[in-house]
Amino acid sequence: MATNSNVLSIQDLWAGYDGDAALESISFEVGTGSLVGVAGPNGSGKSTLLKTILGLLRPWRGRIQVFGKDVNGSRNRVGYAPQSEVVDWDFPVTVRDVVTMGRYGRLGLLRRPGAADRAAVAGALSEVRLDELAGRQISELSGGQQRRMLIARALAQEADLLLLDEPMVGLDATNQHELLELFERLRSRGKTLLVATHDLSCVAACFDLTLLLNKKLVAFGPPGEIFTPELLNEAFAEDLLMLPTEGGVFVGHHGHG
Amino acid sequence: MADGSALLTAGIWGWIVDPLEFEFMQRALLAVVLVGIVSAVVGAFVVVRGMAFIGDALAHASFAGIAAAVAFGFSIYIGAIVAAVVTALGIAVISQRSKLRFDTTIGVLFVGAFALGIVIVSRQENYTADLFSFVFGSVLGVSWGDLQLMSALGAIVVALVALFYKELLFTSYDATVAAATGIPTQLIDYGLLVLIAISTVVALQAVGIVLVIAMLVTPPATASLLVNRLHYIIFVGVAIAVASAVIGLYASYYADVASGASIVLTATAFFVAALLFAPRRGIVPRWLLDRERAREFGR
């Protein structure tokens with residue numbers, strides 16, 4: 001893959017908190033229009049990886065390049081949707097208010113949103129099909145609508161690389177399906193998505209690339225190639241239940257999964 | 001009949017205007033309106049971010065500066081501001097650099113500052129009434145000079161909130177994503193703490209250390225029961241605060257009670273009314289709706 005088509009390029013990345021490593025020697029490259037599932041058990045460094053790419057956490061060593069630049073040079077092109085449970089859903093803002101926040105980084109200090117910003121917000125809202133709920137207070141949204149609003153904010157930012165932290169958690173099948181369709185639409189428009197999830201069945205079925213993480217990068221490639229009992233065992237250790245079936249391996253989670 | 005209503009109008013007019021013949025009442029009215037506006041603007045952020053404890057703490061911490069100012073003979077306002085701002089930044093830095101919880105740090109620092117104030121006061125042979133006018137508030141003692149200082153500080157606070165509103169909003173709602181989009185969230189957080197510190201000092205003389213927190217929290221909390229966007233909470237909060245200030249001041253004049261407490265009680269009355277009767281979020285409308293639904297389903 002030619003270097004200039006790389007959206008994201010990470011080399012020998014080490015990062016962690018308070019002296020404890022959460023990521024050890026991670027290296028990989030992602031090309032334009034990829035839909036990457038970042039899978040691993042809890043505490044495997046999925047969120048840390050996203051935060052390090054966003055520049056919220058300084059790596060101990062290693063190099064991260066987004067669109068060929070370092071984090072500060074490409075801030076506006078990287079969008080982030082945090083885990084839904086860390087968001088304050090009782091905060092007094094409407095859906096449109098939140099999506100408009102996606103414009104703030106481009107606006108810079110002291111400038112107020114103008115016509116171009118309102119147009120970008122309207123576009124993002126219709127992309128995720130929330131136009132009709134734009135005036136609602138965010139506490140009135142359902143789980144699926146919440147996730148789509150957080151993605152719309154990243155779209156309003158006109159980000160080309162989207163980092164989504166556990167967008168599928170707690171959604172029913174219909175809402176998951178709707179979200180996956182959105183991912184597909186975004187990818188077809190040239191966006192690149194990195195989606196952290198601990199739901200392996202979802203990764204296997206819907207993403208073209210899977211990054212198996214357990215502090216170290218266990219495997220990176222098409223799900224069909226890397227979903228082998230050996231690699232899954234290495235990533236998930238005792239968290240998984242694997243049953244050989246006729247067609248391959250059934251993967252389930254121990255406990256609540 | 002026309003005479004009667006004219007008489008009534010004249011009576012009400014006199015009731016409103018008469019107290020203002022005293023210059024101290026004019027100053028007091030301006031002071032409480034100013035305090036209401038500044039406190040509600042900053043207080044909206046205090047309420048939506050759950051920072052009530054720090055507002056209370058900074059008011060108490062300013063006591064150290066007031067005591068030092070009285071003991072060593074410099075401006076009480078300068079003493080109060082330095083003490084409140086230093087405590088605010090101390091809380092911010094310590095809670096960030098250590099593993100202590102934010103509220104633990106607040107609890108340690110503000111009582112420490114307050115104790116320092118008591119130590120300074122206890123060394124004084126005869127501490128003046130000045131000192132205690134700040135503890136319990138004495139809006140009738142506000143001078144034109146005080147008023148000028150309060151207006152200048154208040155104008156700075158309101159202007160900064162207006163200028164950096166979108167950064168304050170984003171940081172308050174979702175600091176992580178705000179930081180990721182390049183907003184200097186740490187600077188915004190420190191700045192907000194300094195604004196809270198300054199607005200507590202603006203309110204000190206009018207309502208007193210113990211009641212400052214009510215000016216910060218009660219009107220925006222009432223507004224948050226009525227409207228659901230942050231800037232609406234600010235506007236409605238300001239309206240409620242100004243109404244409480246004016247009504248409370250007149251009530252204190254005619255009933256001859258402490259003005260700070262009278263203003264706070266008026267604001268509290270607005271809060272209770274909103275809690276009970278706010279459309280959608282009030283206790284009574286929600287209860288009525290529940291009863292109606294139950295009846296529809298034949299229960």
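Predicted model: local features only at pLDDT ≥ 70, side-chain atom pairs only at ≥ 80, totals over all residues.
Residues are numbered from 1 along each chain as its sequence is written, chains are lettered from A in the order in which they are written, and side-chain values use heavy atoms, with hydrogens and water left out.

**The interface**
- Chain A puts 31 residues into the contact and chain B puts in 24 (contact means heavy atoms within 4.5 Å).
- About 2400 Å² is buried between the two chains, with carbon and sulfur atoms giving 65% of that (buried area is the accessible area, 1.4 Å probe, that two parts lose on being put together, summed over both).

**Salt bridges**
- There are 4 salt bridges between chain B and chain A (a side-chain nitrogen of Lys or Arg within 4 Å of a carboxyl oxygen of Asp or Glu).
- Arg153(A) and Asp174(B) pair up in a salt bridge, at 2.9 Å from N to O.

**Chain B's side of the contact**
- Elements giving two or more residues here are α7 (144-163), α8 (165-173), α9 (175-180) and α12 (230-255) of chain B (helices are DSSP runs of H or I, at least four residues, numbered from the N terminus).
- The most comes from α8(B), with 6 residues.

**Helix α11 of chain B**
- Of the 15 residues in α11(B), 13 are buried, so the helix is mostly covered (buried means under 20% relative accessible area, 1.4 Å probe, protein chains only).

Note on methods:
Buried < 20%, exposed > 50% of the residue type's maximum accessible area, 1.4 Å probe, protein only.
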